[in-house]
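Hi everyone, thanks for making time this morning. Let me put the model up on the screen, and then we can walk through it together.

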Amino acid sequence: MTERSEVIAFPAKNRVVDIKRCVQMLETLHGEEANRFWRDECRALAAHLLNLGYDDTAMRHEVMEFQNAVQTELWAGCQQDEPARRDAY
C-alpha cells in the first residue's frame, strides 16, 4: 500500500469519442462559429486537466496532442473525399 496516490488520466489524444465529436462539429461549423467552438473545447480540456492536478507544461502537452489527433482525423476525412472530387471533374 502506498501513502500517496496519483491520478493518471486517459491520454487526451486517445479520447476517440471526443475526437470524433470535435471532427463532426468542425466539419459542420464554419468561420467564427468553428473558431469559437474549437477554442472552447481546448479551454475546457485544459481546465479539466489542471483540475486533475496536471502542471501547466503537462496540460499544454496533452492539449496539443488532442489538437493533433483532431487535425489528423480532419485530414484523413479530406483524403477519403479526394477520389470522389477527382472523379467529379
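Let's start with Lys13, which is partly exposed at a relative accessible area of 42%. For that label, buried means under 20% relative accessible area, exposed means over 50%, and partly exposed is in between, with a 1.4 Å probe and protein chains only. Before going on, a word on the ground rules: this is a predicted model, so local features need pLDDT of at least 70 and side-chain atom pairs count only at pLDDT 80 or more, while totals for chains, interfaces and linings use all residues. Residues are numbered from 1 along each chain as its sequence is written, and side-chain values use heavy atoms, with hydrogens and water left out.

So what does Lys13 pair with in a salt bridge? Its partner is Glu65, with 3.7 Å from N to O. By salt bridge I mean a side-chain nitrogen of Lys or Arg within 4 Å of a carboxyl oxygen of Asp or Glu. Lys13 sits in the segment before helix 1 and Glu65 in helix 3, so this pair ties together parts that are 52 residues apart in sequence. Glu65 is partly exposed too, with a relative accessible area of 22%.

Let me zoom out for a moment. The protein has three helices and zero strands, and its pattern along the sequence reads α-α-α. Helices here are DSSP runs of H or I with at least four residues, strands are runs of E with at least two, and both are numbered from the N terminus.

Back to the charged pairs. The count of salt bridges comes to five. One of them joins Glu41 and Arg21, whose closest N and O atoms are 2.9 Å apart. Because Glu41 lies in helix 2 and Arg21 in helix 1, this pair ties together parts that are 20 residues apart in sequence. Arg21 is partly exposed, at 33% relative accessibility. Asp18 joins in as well: Asp18, Arg21 and Glu41 are linked in a network of salt bridges.

Another salt bridge is found between Arg60 and Asp56, with 2.8 Å between the closest N and O atoms. These two are four residues apart in helix 3, which means that about one helical turn separates them. Arg60 is exposed at 52%, whereas Asp56 is partly exposed at 40%.

Now for a residue I'd like you to look at with me, Glu62 in helix 3. Setting aside residues up to four places away in sequence, Glu62 touches Pro11, Ala12, Leu49 and Tyr54, where contact means heavy atoms within 4.5 Å.

On to the nonpolar side. The largest nonpolar core has 20 residues, and Leu26, Trp38, Val63, Phe66 and Val70 touch the most other members. Helix 1 (16-28), helix 2 (31-52) and helix 3 (56-88) each supply at least two of its residues, and helix 2 gives the most, with seven. A nonpolar core is defined as a set of buried Ala, Val, Leu, Ile, Met, Phe, Trp, Tyr and Cys residues joined through side-chain atoms within 4.5 Å. Which residues does Val63 contact, leaving aside neighbours within four places in sequence? They are Cys42, Leu45, Ala46 and Leu49.

Ala34 in helix 2 is buried at 11% relative accessibility. With neighbours within four places left aside, Ala34 is in contact with Leu26 and Leu29. Trp75, in helix 3, counts as exposed at 53%. Its C-alpha atom is 9.9 Å from that of Val23, a residue 52 places away along the chain.

To finish, the overall numbers. Of the 89 residues, 28% count as buried. Among contacts between residues at least 6 apart in sequence, 54% join residues at least 24 apart. The accessible surface comes to about 6,900 Å², and 52% of that belongs to carbon and sulfur atoms; the areas come from the Shrake-Rupley method with a 1.4 Å probe.
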